[in-house]
Amino acid sequence: MSEGPFRSLNCAATVGDRPEAVAENLRRVALAAGVSPGWLLTVSQVHGDVVLRAGAGERGQVGRPLGEADGLWTDARGTAVGVRTADCLPVLLEDPVGRRVAAVHAGWRGVIADIAARAVEALKAAGSRPEDLRAVVGPCIQRCCFEVDGELPERFRAAFGEDVVVEVPGKERRHLDLPRAVLRALGRAGLDEAHVAALPQCTMCDARFFSHRRDRGLTGRHLSFITCR
Ligand SMILES: [Zn+2]
């Protein structure tokens, strides 16, 4: 329903789009996935490392965030948890044994704050075993496009290893491989390598996606979500 820079399936009401369009987009997204629209829960994302529990009692108005956080999980059957991104990393987790799901939003700040591991800890505290968990990193800005400068490359190298920093021949600025850093963090948190994956799509160089960097801040947000069945 969205137009202009938000065309067409913008899922965020906080970026300048018409609220009615966003509400209808969210409703259609939920219904297409077989989720009752009020049962698709999100948070107000702040680039931190807080992970909230979304219980059945939180179900409510379409698109109303639970609170300020960058991750949320649920074990309430039929409830979906989602995060909004346009270049940042959406990370979805599932425990098919304990039947819990989680969604995490991570930009570089969230990656360095280890929010993916915080989500694993939250699931563990609820009874999940890391070796049962499955995780996927959705479309985000990839190493082809994520140029950085200053001290970031060194911080990432120290935290996640040599290969998350990419030197580009002939270029002074370096690139970061954020999905690789998150996969490493999930491995350290106890997930099996065979149970984690990252999609290859880059939001910045693939025109199908909203990209905060490419569109200079004026763009929509995707919703990546997972349902507890
Ligand atoms: Zn790219």
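Student: If buried means under 20% relative accessible area, exposed over 50% and partly exposed in between (1.4 Å probe, protein chains only), is D87 buried or exposed?

Tutor: D87 is buried, with a relative accessible area of 8%. This is a predicted model, in which local features need pLDDT of at least 70 and side-chain atom pairs count only at pLDDT 80 or more, while totals for chains, interfaces and linings use all residues. Residues are numbered from 1 along each chain as its sequence is written, and side-chain values use heavy atoms, without hydrogens and water.

Student: Where does D87 lie, and what is its phi?

Tutor: D87 lies in the loop between strand 4 and strand 5, where strands (E, at least two residues) and helices (H or I, at least four) are DSSP runs numbered from the N terminus. Its phi is positive, at about 110 degrees, although D87 is not a glycine. Most residues other than glycine have a negative phi.

Student: What about R99: where does it lie, and what is its phi?

Tutor: R99 is placed in the loop between strand 5 and strand 6. Its phi is near 55 degrees, again positive in a residue other than glycine. R99 counts as partly exposed, at 37% relative accessibility, whereas D87 is buried.

Student: And which peptide bond is cis?

Tutor: The bond from R7 to S8 is cis, with omega near -5 degrees. S8 sits in the segment before helix 1. Most peptide bonds are trans.

Student: Changing topic: which residues are the protein donors of the zinc ion?

Tutor: The donors are the SG atoms of C144, C145, C202 and C205, at 2.2 to 2.4 Å from the zinc ion. A donor here is an N, O or S atom within 2.8 Å of the metal (3.2 Å for Na, K and Ca), and water is not among the atoms, so sites may look incomplete.

Student: What is the arrangement around the zinc ion?

Tutor: It is tetrahedral, because the four donor atoms subtend angles of 100 to 119 degrees; the criterion for four donors is that all angles lie between 85 and 135 degrees.

Student: How are the donor residues spaced in sequence?

Tutor: The spacing is C-C-x56-C-x2-C. C144 lies in the loop between strand 7 (134–137) and strand 8 (147–148), and C202 in the loop between strand 11 (196–198) and strand 12 (222–227), so this pair ties together parts that are 58 residues apart in sequence.

Student: Are C144 and C202 buried or exposed?

Tutor: C144 counts as partly exposed, at 46% relative accessibility. C202 is buried, with a relative accessible area of 5%.

Student: Now the pockets. Which residues lie nearest the centre of the largest pocket?

Tutor: Q45, H47, R84, H105 and R221 do, out of 33 lining residues. On a 1 Å grid over the protein atoms alone, a pocket is an open set of points with protein on both sides within 12 Å along at least five of seven lines, and lining residues have an atom within 4 Å of a point.

Student: Which element gives the most to that lining?

Tutor: Helix 1 does, with four residues. H105, for its part, is in strand 6 and is buried, at 4% relative accessibility.

Student: What lines the second largest pocket?

Tutor: Its lining includes T85, P90, L92, V136, T203 and F209. Strand 12 supplies the largest share, three residues. T203 is found in the loop between strand 11 and strand 12, and it is buried, with a relative accessible area of 0%.

Note on methods. Four donors count as tetrahedral if all angles lie between 85 and 135 degrees; four count as square planar and six as octahedral if opposite donors are over 155 degrees apart and all others between 65 and 115; anything else is irregular. On a 1 Å grid over the protein atoms alone, a cavity is a set of points where a 1.4 Å probe fits but cannot get out, and a pocket is an open set with protein on both sides within 12 Å along at least five of seven lines; lining residues have an atom within 4 Å of a point.
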